[in-house]
Each structure stands twice: as C-alpha cells, then as structure tokens.
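Subject: Structure handover

Hello,

Here is the structure I promised to pass on. Please open it beside this email and follow along.

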Amino acid sequence: MTIQEIFVHIAAMKKNGRHRQSYTNFFAQTDGDYSIVESRDSIVFWQTGEDNVCRIYFFCFDLDELSRQLSQVENDSILDYIGECSDSLSHAFHAGGFRQYACFLRLSNKNLAHVFDTDYNPYADYLERFGEETRITSASLEELDTLHRKLYDVFDKHSSHLFDRNRLKELIIDNKVLVYKEDGRLLSFLIYTIEGKRFYVAYVYNSAENHIALSMYVKAAKAAIQAGCTYGYSWVDETNETSLRYNRLKQYFPDGMTDKIFRKET
C-alpha cells in the first residue's frame with residue numbers, strides 16, 4: 001500500500017472514531033510501498049529501508065487491537081515513539097512482543113548564539129579556543145563511500161535513523177559534513193543539517209584527540225549561526241554519559257522530549 005492510500009485509510013478511521021483517543025507514532029512521510037495489517041480501529045504499516053531495518057508505524061484507537069497487530073510483524077522490527085510514552089502504550093507494545101531497546105534524549109539550546117557568549121555560557125572562551133583548528137575540512141564527494149561505510153559501521157542501525165547514500169551525498173555537496181584526517185585516513189566526522197532556523201547535529205564520530213569533536217562542532221555551529229539559525233539540538237542515548245557531558249559545554253540540556261525505541265523480540 002502506498003503512503004497516500006494509508007493516509008486515506010487513516011482519514012476514514014479519524015472520521016469514524018471522532019471524539020475518541022487516538023495513538024500514533026507516524027512522524028515522517030517516506031515514499032514507497034508499505035506492508036500493512038489493518039482493521040476498523042487500528043492500522044500497522046511497515047517498510048524496510050536501505051539499512052535492512054524494518055520500521056513499524058501505527059495509527060489506532062484500540063490498544064488491544066494494536067497489540068494483536070504488532071504480534072504479527074516480523075522479529076527484529078523497530079518501533080520508535082517520540083514524546084511521552086504512557087504506561088498503557090508501553091503495555092500495548094509489550095503485549096505485541098516489543099521490548100524497549102534504547103531511549104534517546106533531545107538536548108537543545110534555544111539561543112544558539114549564546115553558545116559563544118560568555119554572559120550566558122561559562123565555557124564560551126573554552127570553546128572558542130577550538131575554533132582555530134585548521135585541519136578540519138568539508139568532506140568531498142570522493143569520500144562519500146568511506147563516510148557511508150563508516151556511518152553504518154559506527155552507529156547502531158536499530159537505534160539510529162542513518163542517512164542513506166543519496167542523502168549523505170546531498171549533505172556533502174551542501175558542505176554539511178566535516179571531516180578530520182591524518183595521513184589520508186578518516187578519523188573523525190560530524191554531519192549536520194539546517195532546517196530554517198534549526199541546527200541539528202545528526203552524527204559525531206571521533207577517534208582522534210578529544211578536542212577534535214569540539215572543533216568540528218564549533219565550525220558547524222558558527223556556520224549555522226551565520227546562516228540564521230537560532231535553535232540547536234541533537235539526540236543522545238540516555239546512557240551515553242560522555243556525550244551528555246560534552247553537550248553541557250555547549251549549553252545543550254535535556255528539554256523533556258524523548259525517543260523510546262522498541263524492538264520485536266523472538
């Protein structure tokens with residue numbers, strides 16, 4: 001079923017279920033065909049991406065029906081839920097065979113320029129020091145294959161929504177991928193996006209000196225500020241204490257938004 005057909009089905013469900021509590025985790029439109037399990041009060045649909053991960057989406061009024069439908073999807077499937085995940089929703093996922101796999105916290109700074117302002121950030125001068133690193137450059141298309149391979153080697157494809165090769169190519173062309181190399185070897189990279197006034201650090205990998213990660217961030221953030229961004233954010237695994245500490249230097253703190261990731265178990 002196409003996404004347009006799914007929208008039509010959901011619209012009909014909303015019309016029939018007016019004034020009832022609805023639940024959904026569908027937060028992004030992706031083209032292509034979906035497999036579905038549907039009923040009057042619930043639809044579960046899924047698609048397998050380039051990363052070979054089957055991602056589950058749903059819209060429902062009936063959590064018991066949702067659980068029955070989730071029990072029919074294949075093992076190792078992934079279901080994301082962004083926002084407050086109630087006990088009743090967690091129970092429905094659990095009853096359908098899904099167990100929590102990870103939880104990411106959104107860290108944000110609503111005044112991006114304050115990152116480099118000593119009146120607001122006690123680490124501003126410290127960060128400015130790393131802006132002078134000259135060995136960080138924008139990635140070239142010649143590095144696309146290496147970056148794509150490294151992205152999939154370093155990050156967990158189940159808990160991360162990894163960019164596909166085409167998206168990564170677009171970002172390289174747009175100078176949104178920074179790299180650090182020694183003797184021709186890629187040791188570090190930072191990938192970011194700019195959406196209106198929103199600056200999003202998507203992936204950071206660093207196997208060089210600790211300061212290289214900060215230097216890449218400073219370079220990217222200053223480019224984002226120059227482009228008119230006023231809000232910065234990233235998603236960090238709640239168990240990653242190193243990244244949580246690193247983000248405090250930038251005055252990025254948890255803002256209450258979470259992404260809970262559930263995985264279908266055998």
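Predicted model: local features only at pLDDT ≥ 70, side-chain atom pairs only at ≥ 80, totals over all residues.

**Overall**

The chain has 266 residues, and 48% of them are buried. It holds 8 helices and 12 strands. The C-alpha trace spans about 60 × 40 × 30 Å along its principal axes. Take the contacts between residues at least 6 apart in sequence: 69% of them join residues at least 24 apart.

**The loop between β6 and α4**

Start with Asp117. This residue sits in the loop that links β6 (98-109) to α4 (124-130). For a sense of distance, look across to Leu63. Leu63 is 54 residues from Asp117 along the chain, and their C-alpha atoms are 48 Å apart.

Asn121 belongs to the loop between β6 and α4 as well. Is Asn121 buried or exposed? Its relative accessibility is 0%, so Asn121 counts as buried. Leaving aside residues up to four places away in sequence, Asn121 touches His114, Val115, Leu127, Leu249, Lys250 and Gln251. With Gln251 there is a polar contact, side chain to side chain, at 3.4 Å.

**Positive phi angles**

Most residues other than glycine have a negative phi.

Asn52 is another such case. It is not a glycine either, and its phi is about 65 degrees. You will find Asn52 in the loop between β3 (42-48) and β4. Asn52 has a relative accessible area of 61%, so it is exposed.

**Strand β5 and its neighbours**

Next, go to β5, residues 78-82. Of its 5 residues, 4 are buried, so to speak plainly the strand is mostly covered. Strand β4 (residues 54-60) pairs with β5 in the parallel sense, over 2 bridges. Arg55 has Ile78 of β5 as its bridge partner. How does the chain get from β4 to β5, and what is the hand of the crossover? It passes through helix α2 (residues 63-70), and this β-α-β crossover is right-handed.

Strand β12 (residues 253-264) also joins β5. These two run antiparallel, with 5 bridges between them. Ile82 stands opposite Asp259 of β12.

**Cysteines**

How many disulfides does the structure hold? The count is 0. A disulfide is a covalent bond between the sulfur atoms of two cysteines. Take Cys60 as an example. The closest cysteine sulfur to its own is in Cys85, 12 Å away, which is too far for a bond. Cys60 is buried, with a relative accessibility of 0%. Cys229 is buried too, at 4%.

**Helix α6**

Last stop: α6, residues 165-173. Which of its residues are buried? They are Leu168, Leu171 and Ile172. Seen down the axis of α6, these buried residues fall within an arc of 100 degrees, so they line one face of the helix. An α-helix has 3.6 residues a turn, so residues three or four places apart point the same way.

The cover over the buried residues of α6 includes α5 (144-154), β8 (177-182) and β9 (185-195). On the face turned away from the buried side are the exposed residues Asn166 and Ile173.

At the start, a side-chain oxygen of Asp164 comes to within 3.2 Å of the backbone nitrogen of Asn166. Just after the helix, Asn175 takes a positive phi of about 60 degrees.

That is the tour. The structure is yours now.

Best wishes

Key
Residues numbered from 1 in each chain as written. Heavy atoms only, no water. Buried < 20%, exposed > 50% of the residue type's maximum accessible area, 1.4 Å probe, protein only. Pairing = 2+ DSSP bridges. Right-handed = clockwise from strand over helix to strand, strands pointing away. Disulfide = S-S within 2.5 Å. Polar contact = N/O pair within 3.5 Å; in protein donor to acceptor, adjacent residues only side chain to side chain. Contact = heavy atoms within 4.5 Å. Arc of directions from axis to C-beta.
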